[in-house]
Protein chains: 2
Amino acid sequence: MLVNDQHYQTIWLKEGNDKIVQIIDQRFLPHRFVMEDLSSVHDFERAICEMHVRGAGLIGAAAGFAMYVATMEAASKTSFDESVFQSSVLLKKTRPTAVNLEWAINRQLEAIATGKEINEKISLAKKTALAIATEDAAGCHRIGLHGIDIIEEISRKKNGDTVNILTHCNAGWLAFVDYGTATAPIYEAHKRGINIHVWVDETRPRNQGANLTSWELLNEQVPHTVIADNTGGHLMQHGLVDMVITGADRLTRNCDAANKIGTYLKALAAKDNNIPFYIALPSSTIDWSMRDGIKEINIEERDPDEVKYVHGLCDGEWKKVLITPAEAKAANYGFDVTPARLISGIITERGICAASDKGLLELYPEMKL
Amino acid sequence: MLVNDQHYQTIWLKEGNDKIVQIIDQRFLPHRFVMEDLSSVHDFERAICEMHVRGAGLIGAAAGFAMYVATMEAASKTSFDESVFQSSVLLKKTRPTAVNLEWAINRQLEAIATGKEINEKISLAKKTALAIATEDAAGCHRIGLHGIDIIEEISRKKNGDTVNILTHCNAGWLAFVDYGTATAPIYEAHKRGINIHVWVDETRPRNQGANLTSWELLNEQVPHTVIADNTGGHLMQHGLVDMVITGADRLTRNCDAANKIGTYLKALAAKDNNIPFYIALPSSTIDWSMRDGIKEINIEERDPDEVKYVHGLCDGEWKKVLITPAEAKAANYGFDVTPARLISGIITERGICAASDKGLLELYPEMKL
């Protein structure tokens with residue numbers, strides 16, 4: 001997508017030197033646009049672990065490129081295979097709960113194993129890294145091409161009046177390689193000239209909506225307004241929201257959706273006001289082993305200081321301010337689960353389906369038990 | 001209530017000099033406890049307008065004391081009555097939408113008018129100011145004595161296990177003269193040795209929960225945890241909330257409640273999880289002229305910078321940090337309306353009633369049409 005009118009993806013091979021991988025260091029957004037060169041496994045470890053890159057799709061793509069860099073590093077070692085394997089172990093530890101990380105590394109190990117000599121293995125790793133990234137972007141693009149139908153229908157019903165879409169957190173292109181999931185239909189609608197406006201939940205405690213989603217939409221010139229997370233219910237009561245669309249971190253086969261904390265509250269408000277609520281996600285996010293999301297999905301508790309302190313720009317510098325009494329106790333739950341009964345539909349790269357076991361199996365018949 | 005183990009109210013006559021009124025300058029909370037002397041109408045104008053004092057009950061009490069100071073100032077003027085009246089006009093402009101402000105000033109004007117000579121008028125104004133403050137504190141105390149029944153019943157059902165109470169914003173003693181409304185039953189429960197724990201919504205955008213409610217509870221040693229506003233739904237899904245109690249800025253006669261933005265979302269989550277949701281308020285907050293809160297109550301839009309910037313302590317100083325792109329548009333709705341159907345009961349100084357026209361009239365039979 002666009003950054004200062006230039007097209008970017010979130011990760012790519014450096015122009016003129018395909019031994020170096022470049023990323024956007026997302027820690028500085030929205031206030032500074034910083035690119036970073038990654039040319040060693042150690043660089044990747046730091047970038048993934050310290051969240052220069054984040055988001056399911058992008059972590060997978062970064063792991064793919066990391067393994068390509070690992071093969072180049074291994075070429076100078078006494079045992080190539082041993083070195084590549086050691087790198088894979090180190091990389092898997094950087095974000096142990098990220099499903100896509102392990103998946104991408106395993107895919108690379110399998111691909112590399114099919115090569116005969118070192119140069120061929122390096123070449124296969126490069127090809128696989130590019131394939132993972134390309135597939136991620138293509139999947140997101142297809143989510144946009146399916147999701148656009150929903151927006152177009154609302155636009156028709158409103159005779160072309162502005163379609164107001166509320167989103168929570170960042171399921172944007174910054175979390176993937178391009179397009180994003182929740183944002184893909186939004187970008188497609190904007191491209192087709194449909195009048196849209198996006199309500200961007202700031203998404204406390206880490207403010208991914210205020211920091212990242214707003215920055216993305218600003219660069220794509222999509223009209224939008226940042227709001228406190230408390231606001232969506234009031235907007236829905238007053239007819240100011242036509243649909244809600246968010247991403248998900250995990251979807252059970254019954255279509256309960258774990259997503260950023262607060263998503264459930266917006267789903268309740270959407271239901272109470274008869275507003276459609278959609279979840280957009282790539283197939284890789286579906287956890288076919290789970291049914292009841294509230295009982296089965298383990299919710300990560302994060303550092304309480306993310307609640308007590310807020311980060312932002314102050315006098316031109318990144319600062320954090322304390323918003324509670326210093327001695328106050330805080331709790332920080334990362335995600336909540338939106339039950340399937342509150343979800344109007346699931347949008348994946350294969351199409352749109354009802355939020356149920358049955359609905360999902362119509363898109364994924366091969367997953368029938 | 002307690003501050004550093006000493007008892008305070010939010011406004012009082014200075015010890016040893018009853019011509020001076022003292023307040024807690026709440027702008028510095030929770031990081032500094034600052035008291036301020038107010039000895040002129042101009043002092044009061046600034047204190048009310050710039051929110052050294054805030055909250056319905058406290059604004060009313062401050063207006064009462066301001067009129068007492070106005071009579072002392074008027075004593076040296078050529079026309080006493082003219083001077084008092086001019087002060088009343090100035091004071092009414094400081095927070096034009098605060099119902100209690102106008103009510104307290106009018107009550108003072110009536111009281112002062114019954115006096116014959118200047119000293120008697122000053123004395124009446126002082127007596128009335130003290131009466132307004134005392135009545136506010138007494139009303140809040142009675143809310144606590146009624147609301148405690150609900151907490152005691154839950155505690156009994158849980159065999160003395162911790163009762164988890166969620167609250168939103170600050171309907172604490174800092175918003176009144178003492179005790180608060182939503183907090184009054186909490187303080188009463190703590191006093192009686194009932195095991196309680198309070199989930200404190202930080203309450204973006206102005207963070208009154210993180211800044212004020214947490215500070216109050218900390219000083220009273222009531223166990224509590226500050227959470228992002230997004231969190232309550234998840235806690236309720238997992239049995240971690242036994243009841244919700246908030247204040248209200250306006251209650252219609254059908255019991256729709258306007259309160260700080262985000263209250264409606266918590267009420268929806270409480271309903272979805274069968275958790276009782278109570279509104280605590282003094283009778284003065286009931287607007288008998290309105291029925292349908294969503295249609296009739298006008299919701300104030302405030303400065304979008306309250307969303308874009310977050311204030312807090314940084315390197316020992318008050319600072320604000322920008323959390324969105326500088327160019328981003330933000331919207332800031334101050335309140336939302338929780339429909340009566342989501343409210344389990346209303347707690348006023350007269351007792352607890354069902355959240356309906358009928359329920360309210362059982363407590364206020366004189367308001368039958």
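In which helix of chain B does Val307(B) lie? The model is a predicted one, and in it Val307(B) belongs to helix H11 of chain B, which spans residues 305-308. With a relative accessibility of 1%, Val307(B) counts as buried.

When neighbours within four places in sequence are set aside, Val307(B) has contacts in both chains. In chain A, it is in contact with Glu202(A), Val226(A), Ile227(A) and Ala228(A). In chain B, its contacts are Arg204(B), Pro205(B), Ile323(B), Ala330(B), Ala331(B) and Asn332(B). Between the C-alpha atoms of Val307(B) and Gln22(B) the separation is 32 Å, and the two residues are 285 residues apart along the chain.

## Relation of the two chains

Two copies of a chain are related by a rotation about an axis and a shift along it.

Through which surface do the copies meet? Of the interface residues of chain B, 100% are also interface residues in chain A, so the copies meet through the same surface.

## Domains of chain A

The domain assignment divides chain A into domain 1, residues 2-135, and domain 2, residues 145-367. Taken over C-alpha atoms, the centres of domain 1 and domain 2 of chain A are separated by 27 Å. Contact between them involves 27 residues of domain 1 and 19 residues of domain 2 of chain A.

Thr348(A) is part of strand S17 of chain A, residues 345-348. Is Thr348(A) buried or exposed? Its relative accessibility is 0%, and Thr348(A) therefore counts as buried, the limit for that class being under 20%.

The side chain of Thr348(A) takes part in two polar contacts described here. One reaches the backbone nitrogen of Arg350(A) at 3.0 Å, while the other joins it to the side chain of Tyr364(A) at 2.8 Å. Not counting residues up to four places away in sequence, Thr348(A) touches Ile143(A), His146(A), Leu281(A), Leu363(A) and Tyr364(A).

## Aromatic rings and charges over them

Over all chains, the count of aromatic pairs comes to 9. One of them is formed by Phe33(B) and Trp215(B), whose ring centres are 5.9 Å apart and whose planes stand at 25°; the pair is stacked because planes under 30 degrees apart are classed in that way. Phe33(B) lies in the loop between strand S4 (21-24) and strand S5 (35-38) of chain B, and Trp215(B) in helix H7 (residues 208-219) of chain B, so the pair ties together parts that are 182 residues apart in sequence. Phe33(B) counts as partly exposed at 26% relative accessibility, whereas Trp215(B), at 6%, counts as buried.

In chain A, one aromatic cluster is formed by Tyr8(A), Trp12(A), Phe33(A), Trp173(A) and Trp215(A). Charged side chains also lie over rings: Lys320(A) is placed over the face of Tyr309(A), 4.5 Å from the ring centre. In chain B, the charged end of Arg32(B) sits over the ring of Phe28(B) at 5.1 Å from its centre.

## Backbone features

Most residues other than glycine have a negative phi, and most peptide bonds are trans. The peptide bond between Leu29(B) and Pro30(B) is cis, with omega about 5°, and Pro30(B) is found in the loop between S4 and S5 of chain B. A cis bond also leads from Arg204(B) to Pro205(B), with omega near 10°. Pro205(B) lies in the loop between strand S7 (196-201) and H7 of chain B, and both Arg204(B) and Pro205(B) are in contact with Val307(B).

Where is Asn274(A) found? This residue is in the loop between helix H9 (263-272) and strand S12 (277-280) of chain A. Asn274(A) has a positive phi, near 55°, and counts as exposed at 72% relative accessibility. Met51(B) likewise has a positive phi, near 60°, and is located in the loop between helix H1 (41-49) and helix H2 (56-74) of chain B.

Methods:
Residues numbered from 1 in each chain as written. Chains lettered and ligands numbered in written order. Predicted model: local features only at pLDDT ≥ 70, side-chain atom pairs only at ≥ 80, totals over all residues. Heavy atoms only, no water. Phe/Tyr/Trp six-rings, centres within 6.5 Å; stacked < 30°, edge-to-face > 60°. Helix = DSSP H or I, 4+ residues; strand = E, 2+ residues; numbered from the N terminus. Buried < 20%, exposed > 50% of the residue type's maximum accessible area, 1.4 Å probe, protein only. Lys NZ or Arg CZ within 6 Å of the ring centre and 35° of its normal. Contact = heavy atoms within 4.5 Å. Polar contact = N/O pair within 3.5 Å; in protein donor to acceptor, adjacent residues only side chain to side chain. Domains from an automatic or database assignment.
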